[in-house]
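Let's take a friendly look at the pockets and the nonpolar core of this protein. The sequence and structure come first.

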Amino acid sequence: MTDGKQLYFGGPLFESVQLKSDQLWPRLKDNPSYSFHGRAIGLADASVENLDLLASLVQSTGVCLCDFIPVSEVKEFQSRLTKMGLVTDRMEMWVSDQTTVEKSREVVETTFLSGADELVFVSDKTSVSELMSLDEFTQEHGTSLPMESFLRGGEQLASCVYARDSNGKVFATAASVGQYHIDHVRSDMAYWGMLATREDKRGQGAALLMGAHAIVTMHDLHGLKRFFTPIKDGNTASERLCSKLVFSRQDFAVLIAIDPSILPNKDE
């Protein structure tokens with residue numbers, strides 16, 4: 001955080017969720033049942049038996065994330081959540097292979113990114129103005145950042161990298177956050193993604209390179225070697241990119257439960 005003030009990102013609605021989540025997280029962070037990568041708190045092991053915990057999170061923050069829901073149970077989850085007056089969104093779970101770190105390192109070592117004047121890793125020294133520029137860029141290109149304390153790696157293990165052109169403008173980003181409690185069975189697994197590329201730089205390997213850098217950094221600096229990312233079914237561009245880094249689709253889904261009175265017509 002900067003000057004004792006936490007920065008929240010993603011625009012007014014998402015900033016509100018991050019603020020509420022930030023206020024709640026100190027009471028939950030020591031419990032392995034919960035997970036958090038700095039955008040919305042989730043249940044690390046959601047089941048139809050603990051939907052009361054999910055409902056409590058949604059009532060408190062507006063959103064709850066549920067990772068690794070078996071595909072065979074998704075319809076039951078969605079049916080129960082709908083009866084609770086919640087809106088759901090579903091994404092498919094893609095998980096890294098044991099060779100993903102090695103493949104990512106190969107991409108980092110062999111890929112030249114044309115027009116990249118500077119590659120920047122977010123740290124505790126990154127200025128507020130830089131973070132605000134990064135927030136503006138990611139919002140414009142369809143994703144959102146974790147709150148500042150997570151983005152800088154102060155709250156959880158994290159890596160955020162972006163490329164700037166000769167004019168100092170951001171044109172590609174990626175990030176990863178270790179969202180599980182140290183005592184959880186997936187404590188060595190990180191959320192990965194938040195990929196965004198400016199239109200004029202697409203098709204040149206920028207997202208692949210940024211994603212590879214985020215993975216290599218998480219492994220080399222923090223020792224994390226497993227990664228997952230949610231992808232909307234039919235997003236072939238993201239599927240192709242993940243396949244290049246040896247991710248594959250699993251028989252699990254990510255469910256997002258939303259209170260429509262707090263996030264009206266808004267996807268996570």
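Which residues lie nearest the centre of the largest pocket? In this predicted model, they are Gly142, Thr143, Leu195, Asn235 and Ser238, out of a lining of 45 residues. Elements giving two or more residues to that lining are E3, E4, E8, helix H7 (206-222), strand E9 (226-231), helix H8 (236-244) and E10. The most come from E8, which gives seven residues.

The second largest pocket is lined by Glu130, Ser133, Glu136, Phe137, Glu140, Tyr162, Arg164, Gly168, Lys169, Val170 and Arg198. Here H5 and E6 are the elements that give two or more residues, and H5 gives the most, with five.

| Pocket | Volume | Lining residues by class |
|---|---|---|
| Largest | about 1300 Å³ | 19 nonpolar, 15 polar, 11 charged |

Now for the core. The largest nonpolar core has 32 residues, and Val63, Phe68, Val122, Leu134, Leu151, Phe228 and Ile256 have the most contacts inside it. Two or more residues each come from strand E3 (63-70), strand E4 (87-96), helix H5 (128-140), strand E6 (158-164), strand E7 (170-177), strand E8 (189-197) and strand E10 (247-258). E8 gives the most to this core, with four residues; E8 also gives the most to the lining of the largest pocket.

Setting aside neighbours within four places in sequence, Leu151 is in contact with Phe9, Val122, Leu131, Leu145, Pro146, Ala158 and Cys160.

Methods. Residues are numbered from 1 along each chain as its sequence is written. This is a predicted model: local features need pLDDT of at least 70, side-chain atom pairs count only at pLDDT 80 or more; totals for chains, interfaces and linings use all residues. Side-chain values use heavy atoms; hydrogens and water are left out. A nonpolar core is a set of buried Ala, Val, Leu, Ile, Met, Phe, Trp, Tyr and Cys residues joined through side-chain atoms within 4.5 Å. Buried means under 20% relative accessible area, exposed over 50%, partly exposed in between (1.4 Å probe, protein chains only). Contact means heavy atoms within 4.5 Å. On a 1 Å grid over the protein atoms alone, a cavity is a set of points where a 1.4 Å probe fits but cannot get out, and a pocket is an open set with protein on both sides within 12 Å along at least five of seven lines; lining residues have an atom within 4 Å of a point. Grid points are joined across faces, edges and corners, and a volume is the space filled by probe spheres set on the points. Ala, Val, Leu, Ile, Met, Phe, Trp, Tyr, Cys and Pro count as nonpolar, Asp, Glu, Lys and Arg as charged, and the others, Gly among them, as polar.
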